[in-house]
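I opened this notebook page to record a look at aromatic rings and their surroundings. The entries follow the structure shown here.

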Amino acid sequence: MWCRMNKLPRVTFDTNVCNVIHEPGKRPRDVDPADAGAIRKALSAGRIRGYVAGAALFVECLSFEDKLRYLAIAGTRAARPSPAEAMVRMYRDLAGLGIQRLRGALLMGEDLITDVLPPAPDDIWDQAERQKRFHDFVEPYPRHHPLIDYGKGLLAAGLQLPPPALLDDKSKAGNRWEREMSQKWARALLAEWEIRTIQERKAFRNKVGDIMAEWCDVLIVGAHHAYGNDVFCTQDRGKNGGPTSILHTRNRDKLAAQGIRIMTARELVVAYGL
């Protein structure tokens, strides 16, 4: 189909597919290694154009604790947590196959981990239109607001934050001054994690991690939509997030009405004869 149209399919890959493109035999129960290998070969041969959303790098490259640490300092000049080396190697391998990064701010207007995959060009819409499409898509969803509410709830219940880190800043005039790190709600999440026992951390991680995962799914699909790509390739059916999850099968018709075409790895291989 793609060759008759003389147009290469633009495919955004979810994290669960990226892993098997990198290592086709990694999860044979989820993706047939032959399908993963076919997609890898098609990318290498330039038969499809591949993309990964920036929020996927946040999901894959930072541990849960480092995600909390990042959220507590987003928007400041504090040093960011280092991404996991194994994940960096994986995404650099994907970059070698031509996969590019879709921009879409995670928090405080920031893109995170920008040096692993090259940025995708704005070759369908200009930057302003792409950013508007992203904003218009993600705005109706709760996104990170449940995290804000949870963090504020911890503070309201009496959680005491450690003394805030003060960050050196510099005005245009060159005068130095100090300001407190922002996001008290995010600092509360990190503080709560640090004071909990190992047994308590599991429940905390399950709750907060699920909220993070759904937020990032919205950002990932939003970036796909913003760039106008043809297919969003994922094995995720939103079961863990329940019926309100953006990727739950009950919500696929809504996404389709917005022009978002979702395929599994197998469906992608069949549809484009890979």
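I worked from a predicted model, in which local features need pLDDT of at least 70 and side-chain atom pairs count only at pLDDT 80 or more, while totals for chains, interfaces and linings use all residues. Residues are numbered from 1 along each chain as its sequence is written, and side-chain values use heavy atoms, with hydrogens and water left out.

I looked up ring pairs of Phe, Tyr and Trp (six-membered ring), with centres within 6.5 Å; planes under 30 degrees apart are stacked, over 60 edge-to-face, and the rest tilted. The count came to seven aromatic pairs. One of them joins tyrosine 150 and phenylalanine 204, a tilted pair at 6.1 Å centre to centre with 50° between the planes. Tyrosine 150 lies in helix H8 (residues 145–156) and phenylalanine 204 in helix H10 (residues 198–227), so this pair ties together parts 54 residues apart in sequence. I took helices as DSSP runs of H or I of at least four residues, numbered from the N terminus.

I next noted tryptophan 193 and phenylalanine 204, whose ring centres are 6.2 Å apart with planes at 40°, so the pair is tilted. Tryptophan 193 lies in helix H9 (residues 184–195).

I then checked burial (under 20% relative accessible area, 1.4 Å probe, protein chains only; exposed is over 50%, partly exposed in between). Tryptophan 193 is buried at 8% relative accessibility, and phenylalanine 204 is buried at 1%. Phe64, Tyr150, Trp193 and Phe204 form one aromatic cluster.

Finally, I looked for charges over rings (NZ of Lys or CZ of Arg within 6 Å of the ring centre and within 35 degrees of the ring normal). The charged end of arginine 133 sits 3.8 Å from the ring centre of tryptophan 125, over that ring.

How values were computed. Helix = DSSP H or I, 4+ residues; strand = E, 2+ residues; numbered from the N terminus.
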